[in-house]
Amino acid sequence: MKQGKHFTESGFNRGLKRWLTFAVLIFIFCANMYPAGAAEHEASGENLTPSKEGIFDRVITYIKVLLGEEEKLQDSRTRSEESASDMEQSTDTEGVALKIATPSVIKSASFLGDSSLGVFAHLSNPPLMKIDSEGHLAGQLAESYEVSENNTCWTFYLKDDLYWSDGEPVTPEDIEFSIRYYGKETPSARWINDTLESSAVSDANNSVTFRFNKPYTRIDLEFATYNILPAHVWKSIDNPMEYLNEGPYVGCGPYYLKQIDFNAGKLVFEINPYWKGKAPESETVEVHFYSNVDVATLALKNGDVDTYYKYAGSYPYSSIEQLEKTGDFDFLEKTDIGLIFLAPNLKRAPFSDPEFRETLAYTINYEEIARLETQGYGEVPNRGFVPPSMEAFKETEKLEYNPEKARELLEKAGYSDSNGNGVLEGKDGKDFKLEILIRPEYARTGELLKEYLEQVGLAADLRTVDSDTWFTLKDSYEYDLTVTRSTPWGMLMHASWGSGYFDSRRTGQGVMHNLDDPEFLQLCDNILATTDPAELQDYAYELQDYYAENLPAIPLYWSNVVTPYNRHFEGWYTDPLYGIYNLDTFVNVKKKSA
Amino acid sequence: MSEVIKKTLRYAASFFLIVTLNFAFPRLMPGDPVKNLIGEDVYVSETVMEELRAEMGLNMPLYNQFTAYIGDLLRFDLGYSYHLHSPVAEVLRERIGWTILFVGVSVLLGTVLGTLLGAYSGWKPETKANRLVCYGFIALSCTPPYFLALLFLEIFAFKLGLFPFKGFYDIPTPENIMYHMFLPVTVMTLFSASRNFLIMRGSVIQEKGQLYALYARAKGLYDTAILFRHVMKNASLPIITLLALDVGFLFSGALFTEIVFSLNGMGTLIYDAIIGKDYPVLQGSFLVIALAVLLANMLADLLYAVADPRVRRPA
């Protein structure tokens with residue numbers, strides 16, 4: 001009995017202690033929360049009378065304080081009010097705002113470090129050069145340009161009516177600074193740092209000259225991708241990759257980047273008051289991020305956004321019909337210069353044999369694969385690999401589906417099904433089985449290819465791996481066949497026309513670097529050694545003939561980039577590299593008069 | 001005193017294990033952070049790759065990387081994100097704030113709603129209304145969150161036009177934030193409520209048959225008094241466990257909901273860090289989640305003792 005009493009008292013004490021601990025914790029929570037609210041009022045200069053704010057506001061403030069933002073409170077209230085007033089202003093002028101939906105979500109406010117932000121910033125900080133709607137290189141900030149005979153010295157003459165959004169003129173020093181800055185600060189442009197011998201500006205003829213330590217023939221193309229920065233702003237920033245600023249950024253395009261708002265999921269561009277070119281109609285351009293494409297479609301249908309943009313991608317074909325049904329949308333259609341292709345392992349027999357690749361090419365039902373994958377927005381490709389929307393396209397023979405011929409060629413090559421199990425045996429008498437290495441996004445294409453190969457007696461295993469494993473296996477040539485894609489820039493890089501994917505002297509995540517045929521390498525070198533348009537065209541034709549004859553990769557289909565846009569707008573332009581996201585679109589697009 | 005030392009040692013060992021696993025798991029994933037950072041179509045020389053590797057500290061032997069990581073942790077430095085170009089602590093601070101706000105509210109509302117409805121449903125499971133509610137919650141708990149979120153968006157944002165499609169706000173004001181968070185919070189509350197409902201219902205059904213409930217009835221207590229004063233207290237023990245587990249969820253975000261509503265939360269942060277092999281972000285996120293779960297479990301032990309006198313009693 002005594003013992004029982006002892007237990008009860010002990011339990012009571014422990015309970016009391018725990019309740020007390022709880023009470024203290026709650027007290028601390030409340031004690032923190034109240035001053036947090038008070039601090040915000042104090043900071044904003046409000047009277048410290050009992051708050052009329054609800055618990056929600058107090059919790060928000062508390063969280064801000066917990067998160068160490070006390071010092072920012074004063075500014076944040078002001079900023080929040082400014083931001084709210086800006087946003088309201090933006091809503092007031094909604095009639096003249098062009099809104100773009102994109103799945104390319106920006107992850108960081110690093111102007112130089114975030115690749116998606118780099119693409120969107122072409123509007124505010126246009127590159128020196130551009131690719132026009134026909135695929136030709138043309139000046140953007142540059143009026144004209146010239147290259148020395150030995151291709152080492154490039155001079156760009158600037159347009160003289162360019163101004164930054166803070167009123168300063170765009171000078172050749174800005175161009176020189178930007179190019180050198182990229183070379184020094186960004187890893188992907190380190191080649192500039194390594195090869196740029198000297199640079200000089202001339203204010204007299206508004207030009208900038210770059211002298212390289214070796215012939216460089218693709219500078220005009222390379223300079224179509226680097227955004228030009230205002231030297232007077234950026235020269236004081238020591239570590240630009242780590243420089244995070246949610247706007248505004250000084251720009252020299254028709255718009256400047258006013259705000260990056262991650263929590264609202266948008267970028268806001270506002271008209272550059274000093275822009276002297278053709279005046280754009282929209283006061284603002286907003287780029288809205290949608291992590292989910294289905295939601296972007298709903299937003300388009302709802303009229304929340306006017307168009308859709310994704311670098312190196314089309315609006316999803318499966319959603320086009322939904323938009324068509326609304327009657328509010330028209331569609332821009334252009335053959336993508338990027339494509340999906342089947343890459344045989346050229347370092348492994350029998351795939352290293354052009355005749356075996358020829359046989360493989362006959363097994364594929366291109367019409368079916370194009371129909372299924374592009375839902376009518378694609379076509380059977382040519383043997384020449386390069387799609388027709390690319391400059392210097394050469395018409396080569398269409399790829400042909402001919403399983404009978406494939407069987408015949410296999411038999412001639414010594415593959416036969418002597419045991420009647422439906423699988424061809426190789427020259428060693430064993431069942432010939434190949435492996436198709438697939439990333440999940442190409443799963444259906446892989447299934448179709450497996451089926452086509454099996455139809456001619458070639459047993460195939462599908463090996464589906466995540467992207468990182470794919471990169472590792474691809475780089476160590478541990479595959480028989482694989483499916484991958486080329487992007488618009490990928491088709492243009494290196495010696496252009498897709499050569500950058502195959503040249504064995506290159507490396508990179510997306511490239512196959514599996515072709516070391518001297519004929520091909522020489523062709524690449526020839527292209528890289530000339531800037532003469534006529535010569536370039538000849539080499540481009542030769543390269544396409546080489547592809548058609550040797551099939552180092554088998555294109556599976558050419559697809560169209562489809563861009564929906566609200567019918568109330570007109571004046572859209574599309575280029576092969578950046579689609580509709582180009583200055584021509586933004587200065588020309590306007591609301592249709594009723 | 002020896003008990004305190006033992007406990008301290010145990011917690012220190014757990015912490016060291018967590019830290020070690022946080023370091024090891026991201027590095028066990030296939031892929032190269034440097035190649036990932038460079039991108040698919042960009043050609044950089046091997047020299048530049050090596051320079052980058054050195055800048056990121058990835059050229060050091062694993063042992064050195066580990067000691068550097070521990071050293072940074074001791075200085076409360078969670079490292080620097082490769083892709084976000086920002087200190088990890090700052091990134092986490094920003095993301096956790098918003099995640100706690102929308103996942104935390106959902107978990108709390110879901111717990112209250114699920115517990116109360118579950119208790120009532122378990123008390124009178126035979127009524128038609130309760131059966132209907134039960135079927136409803138079973139259906140909810142079986143529905144993929146992604147699908148439910150899209151369905152809500154289609155109905156309430158698109159068809160009815162009542163709510164926005166994305167983001168935490170358009171204008172950074174509390175009203176606008178609440179307006180934007182209504183749909184994601186509702187979806188997540190329903191999920192949380194469905195789990196709590198089913199657990200509470202089962203627990204109450206079990207508890208109401210116990211002798212103490214019968215004794216309370218024999219004393220002449222009303223149903224509500226028996227349920228809310230006696231049965232619910234005992235039946236809520238599994239809910240406390242669930243709540244403690246949900247703290248991990250609270251800090252790791254709700255990936256699918258974040259994707260559908262385009263929210264910038266912890267779920268997408270961790271997902272992007274996995275895709276981009278952003279080791280510092282992964283290490284920092286996992287550490288915060290692990291510590292939060294540890295803390296929540298400690299609190300759950302405390303709550304257990306409050307709810308159940310048997311736990312307070314020495315063995």
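## Domains of chain B

Chain B splits into domain 1 (2-76) and domain 2 (89-307). The model is predicted. The C-alpha centres of domain 1 and domain 2 of chain B are 33 Å apart.

## Interface between the domains

In chain B, 16 residues of domain 1 touch 13 residues of domain 2. Together the two domains of chain B bury about 1,400 Å². Carbon and sulfur atoms carry 73% of that area.

## Sheet in chain A

Chain A holds an open sheet of four strands in the order S4-S5-S7-S6, with antiparallel pairing. Strand S4 (142-147) and strand S6 (196-202) of chain A stand at the edges. Each has a single partner strand, so one side of each lacks a neighbour in the sheet. From one strand to the next, the twist averages 15°.

S4(A) and strand S5 (residues 153-158) of chain A run antiparallel and are joined by five bridges. Within this pair, Ser144(A) is opposite Tyr157(A) of S5(A).

## Helix on the sheet

Helix H5 (residues 172-185) of chain A packs on the sheet. H5 touches S5, S6 and strand S7 (207-212) of chain A. The direction of H5 makes about 165° with that of S6(A).

Technical notes:
Residues numbered from 1 in each chain as written. Chains lettered and ligands numbered in written order. Predicted model: local features only at pLDDT ≥ 70, side-chain atom pairs only at ≥ 80, totals over all residues. Heavy atoms only, no water. Pairing = 2+ DSSP bridges. Helix = DSSP H or I, 4+ residues; strand = E, 2+ residues; numbered from the N terminus. Axes fitted to C-alpha atoms, helices over the stretch in contact; angles between N-to-C directions. Contact = heavy atoms within 4.5 Å. Domains from an automatic or database assignment. Buried area = accessible area lost by both parts, 1.4 Å probe.
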